[in-house]
Amino acid sequence: MSRSAHPAGPRHADVLPEGHYSAPAADLNALDEKVWSRTVTRDADGALTVGGIAVARLAEEFGTPAYFLDESDFRARCRAWADAFGPDADVFYAGKAFLSRAVVRWLTEEGLNLDVCSGGELTTALDAGMPAERIAFHGNNKTVAEIERAVTAGVGRIVLDSFQEIVRVAHIAQRHGVRQRVQIRVTVGVEAHTHEFIATAHEDQKFGIALADGQAAEAVRRALSLDGLDLIGVHSHIGSQIFDMAGFEVSARRVVQLLAEIRDEHGVELPEIDLGGGLGIAYTSDDDPREPHEIAKALSDIVTRECEAAKLRTPRISVEPGRAIVGPTAFTLYEVGTIKPLEGLRTYVSVDGGMSDNIRTALYDAEYSVALVSRTSDAEPMLVRVVGKHCESGDIVVKDAFLPADLAPGDLIAVPATGAYCRSMASNYNHALRPPVVAVRDGEARVIVRRETEEDLLRLDVG
Ligand SMILES: *Cc1c(COP(=O)(O)O)cnc(C)c1O
C-alpha cells in the first residue's frame, strides 16, 4: 500500500490534505497483530485486553497516560533471539531501549546478556542481579568513574570507542591488577536506516574508530600492546530501525577483512565480532520486520562466507537488539481530551500525555499507529493527528492516522509499539509527571516503574 496515497473509502472531509498516510484500514476495530503485543486482543465488549485484562480496568487502577508492557511477549522475544542465535553466539539486549530492575531479572532468567551505556544503567543491571560477566559497557565518553566501576565490578567487556579510551581503560585495569576484556568499536563506512543503507566515505560522527585510513588497525596495534587489555574482538553498529540486511552484509565483510589484516600483522585471530543492533520493528501495518531466526541465519551466513574467503576461523558472533525485543511489547494508553476538527484539514485529538512520554515523533519524524481501545465503533474513519498537552506545536504523538469519527472525550486510545525509546527518553517538560510502566502477565498487572508524583518534582527542586 503506497504511503501518501489519497485514501479511498469514507472520509470526514471532502478534500483530504497531503500527508504521509495510507488509506484507512478496512476495519478500524481490527488489531493488526504486527503492531500489537502478542496477548493483545478485544474482549466480547470490544475493549482491548492485554494479558487478559481490559484497558478500562487498567486505566482505572493505574491511570493514564501509562505504558503497559506484555511480560510474556517480552520473555518470548528474548527466547526467540537466544534460540535463533544458539549456543555459539551471544545476544545482548540494548538496555538503553528500556531498562528497569524487572526487565533485568527477565533478561537474566531468559539467558540474555545486557548492554549498558552509562553508570545509571550499570547500577540498575548490577542491582537487579545481572552477573557482571554478562554485561557489556558502551559509550563514546565513559567517565573515569564509570570505567572504574565497570572494571571493578568485572563486566564481561568494555567496548572501546576512541584512542584516548584505549589508554584510559588499560591504565584503570592495570591499577586494579586485572586484564579487562575489550572490543574495539569501528565505523565501517556504512549507515543503515529502514530500507536503505548509505555508504559514507567520511566518518563524520562521534562513535567509534574509522576503518578508513588504517585508524582501526592502529587502534588494534595499541590495544594489543597494553598489558591491562585483553582484546577479544571488533564491534560495529550501523544504524537503527533497519529492515534491509544489505548494510550488515557490507559491515560484516569489512569487519572480517580487518580480522584478516590483524591475523596477517600480529598472528592472532580475534575470537569475536559484534554486529550491533538496529533491527527494525512494525510501527504501522506498512512495516514488515524479519523474524530473529531469519536475521540469525542471514548474519551467520554472511560471516561464515566472508571468513571462508579470508581463511579465518569463524568468530563467535554477538548482536545487540534493543528495539526489536522491547519495542513491540508495550503500548501507551491515553485518555482523549479536547477534539478539534479543522475543516478540510484534519482533526486534532489531544491526549493527556505527549512529547514528554514519546519524543520519537518530534525527534525522528517517527510513524506510529493508534486505535480506539475502550470500545469498538462502526463510525466512518476520520483523519486525525494525535497531539499532546505540551506547549509546543511539534508536540505530536501520531502524525497521520484514522480513528472513528464518533471519537469523544473520555475515550481511551492506545499507541502500540512504544516499548523502546519512549519511557527511556521521557522528560519532565512542562513539569509533566513521567508515566508508569506496568507489566501485565496472565491476568495480573503490576507496576515496575511507578508514576512520578508532584512530590518527586519538588524533591529535586531544592532552591
Ligand atoms: C542503540 C544501540 C543498540 C540498540 O539499537 P536498537 O535499534 O534498539 O536495536 C545496539 N548497540 C549499540 C552499540 C547501540 O548504540
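Predicted model: local features only at pLDDT ≥ 70, side-chain atom pairs only at ≥ 80, totals over all residues.
Select Cys 117 and show its side chain. Cys 117 belongs to no disulfide, and the nearest cysteine sulfur, 16 Å away, is that of Cys 422. To count, two cysteine sulfur atoms would have to be within 2.5 Å.

**Stop two: the ligand.** Next, centre the view on the ligand and bring up its neighbours. There are 14 residues around the ligand, and the closest are Lys 96, Gly 278, Glu 320, Arg 323 and Tyr 421. What kinds of residue make up this shell? It splits into six polar, five charged and three nonpolar residues.

Pick three of these neighbours one at a time:

- Glu 320: an N or O atom in its side chain sits 2.7 Å from a nitrogen atom of the ligand.
- Arg 323: here, look at the backbone, where a polar atom is 2.8 Å from an oxygen atom of the ligand.
- Tyr 421: a polar atom of its side chain is 2.5 Å from an oxygen atom of the ligand.

On its own the ligand has 390 Å² of accessible area, and the protein covers 90% of that.

**Stop three: the domains.** Finally, colour the protein chain by domain. Domain 1 takes in 13-70 and 328-460, while domain 2 is 138-321. How many residues does each domain give to the contact? Domain 1 supplies ten and domain 2 eight. The centres of domain 1 and domain 2, taken over C-alpha atoms, are 36 Å apart.

Key
Residues numbered from 1 in each chain as written. Heavy atoms only, no water. Near = heavy atom within 4 Å. Polar contact = N/O pair within 3.5 Å; in protein donor to acceptor, adjacent residues only side chain to side chain. Areas by Shrake-Rupley, 256 points an atom, 1.4 Å probe, with all protein chains shown as cover. Nonpolar A, V, L, I, M, F, W, Y, C, P; charged D, E, K, R; others polar. Domains from an automatic or database assignment. Contact = heavy atoms within 4.5 Å.
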